[in-house]
Amino acid sequence: MTLVVWLLTVVFLVSAAVTALTTVFSLSAAAHHGAPGFLLRPCRHRRAACRLYGIVTGLASQCVMLLTYPLGPFVGRPPARAPDPGAPTVVCLHGLYHNAAAFLLVRPVLARYGLRRVLCLSYRSLGPDFEAVATALAARVRREAPGEGPLLFLGHSLGGLMARRIMAEADIARRTRAAVTLGTPHRGSTLARLALGRLGRGLIPESPLFPALDALPDPPGAVLLSLASPVDNMVMPLAGLAVGRPGWTEEACPPVSHVAMLYVPAVARRAAAFLSGVAAPVR
């Protein structure tokens with residue numbers, strides 16, 4: 001029991017430190033930079049309440065993330081082959097310093113919306129650069145979701161950028177029907193200056209990664225949704241959450257923290273409803 005109490009205390013203290021630090025940075029960024037219009041509307045008349053809710057969900061979600069992290073290999077097991085070759089595969093890609101456990105609570109929601117074939121891929125956050133990770137992930141998609149069945153992408157944070165890069169591969173693009181990104185820094189984040197590793201530091205707004213991604217085509221005919229929180233505490237300034245390219249729909253989710261987007265039911269339901277709306281296979 002003493003060990004359990006010690007573990008929970010450490011998890012809480014680490015989570016509190018991360019939440020406090022990122023909240024201070026995000027408040028500073030908000031004081032000096034504006035936010036995209038679609039993120040201003042939800043909290044226009046209740047900014048304090050939204051910010052408080054973001055802090056509370058930030059602390060809670062950091063605790064959940066740390067406690068469930070060891071479950072990554074279990075959540076990331078390759079799905080069984082679908083009896084229907086036309087059944088879609090949802091490819092889930094986590095964010096920086098996380099693993100497949102990020103989608104522990106998202107998978108059941110996807111299943112309730114009829115999306116039962118889910119492929120949660122993990123990758124190393126330390127060591128490789130963006131292109132190396134994306135190339136390896138694309139190879140895994142080809143290997144673990146073979147054939148011509150439709151693909152649906154769901155990426156949280158950095159995972160959304162990975163999805164954009166992978167979807168630009170010609171053979172994967174023609175199979176891609178839809179994609180949803182959650183809290184993805186489409187324009188970078190100044191917080192990345194504090195990141196460990198090339199992959200994390202490559203997310204600063206001035207990084208050549210973003211012009212390179214903008215030069216890539218989106219999958220033809222795919223429907224694309226970017227969900228973002230008006231109180232995101234990891235992507236700063238909030239303008240970094242704007243996709244800034246045609247063909248994408250941008251929506252604000254409830255005012256929860258960056259990590260909490262993975263655990264708040266309303267966010268998972270919106271993503272699942274959007275993806276499940278894609279029916280017919282790609283030709």
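**Exercise 1. Work out whether Arg-174 is buried, partly exposed or exposed, then find its salt-bridge partner.**

Start with the number: Arg-174 has 45% relative accessibility, so it counts as partly exposed. The cut-offs behind that are under 20% relative accessible area for buried, over 50% for exposed, and partly exposed in between (1.4 Å probe, protein chains only). Before going on, note that this is a predicted model, where local features need pLDDT of at least 70, side-chain atom pairs count only at pLDDT 80 or more, and totals for chains, interfaces and linings use all residues. Residues are numbered from 1 along each chain as its sequence is written, and side-chain values use heavy atoms, with hydrogens and water left out.

Next, the partner: Arg-174 meets Glu-148 in a salt bridge, 3.7 Å from N to O. That term needs a side-chain nitrogen of Lys or Arg within 4 Å of a carboxyl oxygen of Asp or Glu. Now place the two: Glu-148 sits in the loop between α6 and β3, and Arg-174 in the loop between α8 and β4, so the pair ties together parts 26 residues apart in sequence. Helices (H or I, at least four residues) and strands (E, at least two) are DSSP runs, numbered from the N terminus.

**Exercise 2. Find which residues form salt bridges with Asp-214.**

Step one: Arg-187 pairs with Asp-214 at 2.6 Å, N to O. Arg-187 is in the loop between β4 and α9 while Asp-214 is in helix α10, so this link joins parts 27 residues apart in sequence.

Step two: Arg-245 also bridges to Asp-214, with the closest N and O atoms 3.6 Å apart. Arg-245 lies in the loop between β5 and β6, so here the parts tied together are 31 residues apart in sequence.

Step three, check the cover: Arg-245 is buried at 16%, Arg-187 is partly exposed at 26%, and so is Asp-214 at 31%.

**Exercise 3. Check the span of helix α6, then say where its buried residues lie.**

First, the rule: the expected span is 1.5 Å times one less than the number of residues. With 15 residues (130–144), α6 should span 21 Å, and its end C-alpha atoms are 21 Å apart, which agrees.

Then list the buried ones: Phe-130, Val-133, Ala-134, Leu-137, Ala-138, Arg-140, Val-141 and Glu-144. Looking down the axis of α6, they fall within an arc of 160°, so they line one face of the helix. That arc uses the directions from the helix axis to the C-beta atoms.
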